[in-house]
Amino acid sequence: MKRVLLLMTVNTYRASAYLAAAERSGVRSVVGTDRPDALAGLTPGGPMVLDFHAPEKAAGDIQAFAREHPLDAVIAVDDDTVIAGAMAAQALGLPAHTVEGARATRSKYELRKILDEEGLPSPGFRLVAAGEDPAPIARSLGYPCVLKPTFLAGSQGVIRADGEAEFAAAYRRIGKILEEAGTKERGGAEAGSILVEDYIPGREAAIEGLVAGGALHVLAIFDKPDPMEGPFFEETIYVTPSRLPEKTQAEIIRAVDRAAKAIGLRDGPVHAEVRVNDGGVWVIDIASRTIGGKCSGALEFGEGASLEELIIARALGTEPPAISRAGASSGVMMIPIPGRGILRGVEGMEEALAVLGVRSIDISIHTGGLVVPLPEGNRYLGFIFAGGETPAEAEEALRRAHAQLKFHIEPEAGSRKYPEI
């Protein structure tokens with residue numbers, strides 16, 4: 001039986017999807033993680049303990065493991081694992097993105113430089129040091145602009161500023177995020193910097209792809225029907241297939257293909273975020289892993305194969321179950337977090353699940369858990385999955401289901417009655 005190493009952090013949403021895909025694919029999975037106690041029991045013999053903040057060491061540990069337990073594939077499940085995964089795969093002669101490509105997708109600053117050099121539409125950008133007086137920086141900028149950490153995902157720490165006062169407030173707010181326990185360790189040297197970009201207006205879309213031997217295979221283009229204009233950039237609804245004109249979709253594919261090649265993405269998943277306006281297609285971000293959260297649950301291929309099954313098949317060099325998306329239209333809503341506090345309960349689940357087209361609802365934060373909205377938050381409240389004959393039907397089902405849900409959130413201090421939302 002072939003053996004696949006799945007690299008994931010303790011905070012990943014993707015563990016169950018990849019482990020289930022490995023089982024359906026008939027392969028043995030080994031988990032490499034940063035917290036063995038939290039993921040104990042996922043694999044026979046326990047998970048492999050790795051330090052993803054030291055990717056060279058992690059790759060060396062993987063090589064040592066492979067000498068006694070040969071590996072047929074190494075798959076980086078989430079952002080913090082992609083560099084170590086690429087290094088280990090390269091050393092073992094296994095298909096993967098290049099190490100340089102993985103590094104580029106972990107630094108929004110390096111990514112921006114590469115895409116600008118490639119000649120793709122690119123906003124003006126500069127890297128500034130965190131923790132300084134923001135006033136001189138603010139006076140030197142044009143507005144509106146967007147400030148962001150270079151290494152965080154899911155729109156965490158991303159803030160739009162329309163003037164000098166807003167810039168200063170956003171700058172200080174991001175600085176506090178970067179100082180939080182664990183964040184500085186994740187970012188390393190880049191935890192001391194903030195990327196400032198010109199704000200790009202337009203419609204936003206996402207593309208899910210699989211690169212095989214340097215060739216991009218597009219698996220889905222998602223529309224994001226809710227405007228993403230700031231000041232924070234909360235992801236909400238993804239719906240596929242896209243309703244954008246075919247010409248625009250072709251332009252998106254060409255732009256992402258150019259970007260992936262320029263970065264050095266050769267074998268493995270690609271998730272890209274783009275904006276479309278009169279100036280063309282702007283690649284906002286590109287990742288060398290699958291779509292975030294549990295959103296891959298909105299996709300099925302062939303006779304019901306998951307996105308993760310396709311990724312595993314490519315990593316093993318075997319024929320994937322299918323690469324054509326199954327079903328008419330599908331979508332997912334990342335349930336917005338209305339405010340900070342303790343989640344005390346959710347009402348309306350039966351009514352939401354009864355909405356025509358709704359397939360499932362997953363509340364990801366347990367009762368009693370802390371919910372934190374953007375820009376500080378980095379966890380989704382949950383996910384709603386729906387389908388329909390058309391993208392409009394899938395979108396409507398998501399919105400109707402969400403309207404049925406009431407989240408009871410208690411302020412952290414506990415001095416006030418929690419609101420109903």
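Biologist: How many bridges join S9 to S12, and do they run parallel or antiparallel?
Modeller: There are 9 bridges, and the two strands run antiparallel. Keep in mind that this is a predicted model.

Biologist: Which residue in S12 is the bridge partner of glutamate 208?
Modeller: Histidine 271.

Biologist: And what joins S12 to S13?
Modeller: 7 bridges, antiparallel again. S13 covers residues 280-287. One of the pairs is valine 274 with valine 283 in S13.

Biologist: How many residues sit between S12 and S13?
Modeller: 2 residues, and the two strands form a hairpin.

Biologist: How many residues of S12 are buried?
Modeller: 9 of the 10, across residues 268-277. So S12 is largely enclosed by the rest of the structure.

Biologist: Changing topic. How many residues are in the largest nonpolar core, and which have the most contacts inside it?
Modeller: That core has 37 residues. Those with the most contacts inside it are Val4, Leu6, Ile75, Ile312 and Phe383.

Biologist: Which elements each supply at least two residues of this core?
Modeller: Helices H1 (15-24) and H10 (307-316) do. Strands do too, among them S1 (3-7), S4 (73-76), S9 (203-212) and S18 (382-388).

Biologist: Which one gives the most?
Modeller: H10, with 6 residues.

Biologist: Back to phenylalanine 383. What is it in contact with, leaving aside neighbours within four places in sequence?
Modeller: The partners include Tyr13, Cys295, Val332, Met333, Met334, Ile335 and Ile361.

Biologist: One more. Where is glutamine 249, and is it buried or exposed?
Modeller: Glutamine 249 is in helix H9, residues 246-263. It counts as buried because its relative accessible area is 18%, and the cut-off is under 20%.

Biologist: What does the side chain of glutamine 249 reach?
Modeller: The backbone oxygen of leucine 244, at 2.8 Å.

Biologist: Which residues is glutamine 249 in contact with, leaving aside neighbours within four places in sequence?
Modeller: Ile221, Ser242 and Leu244.

Technical notes: Residues are numbered from 1 along each chain as its sequence is written. This is a predicted model: local features need pLDDT of at least 70, side-chain atom pairs count only at pLDDT 80 or more; totals for chains, interfaces and linings use all residues. Side-chain values use heavy atoms; hydrogens and water are left out. A nonpolar core is a set of buried Ala, Val, Leu, Ile, Met, Phe, Trp, Tyr and Cys residues joined through side-chain atoms within 4.5 Å. Buried means under 20% relative accessible area, exposed over 50%, partly exposed in between (1.4 Å probe, protein chains only). Helices (H or I, at least four residues) and strands (E, at least two) are DSSP runs, numbered from the N terminus. Contact means heavy atoms within 4.5 Å. A polar contact is a pair of N or O atoms within 3.5 Å; within protein, one must be able to donate a hydrogen and the other to accept it, and residues adjacent in sequence count only if both atoms are side-chain atoms. Two strands pair if DSSP finds at least two bridges between them.
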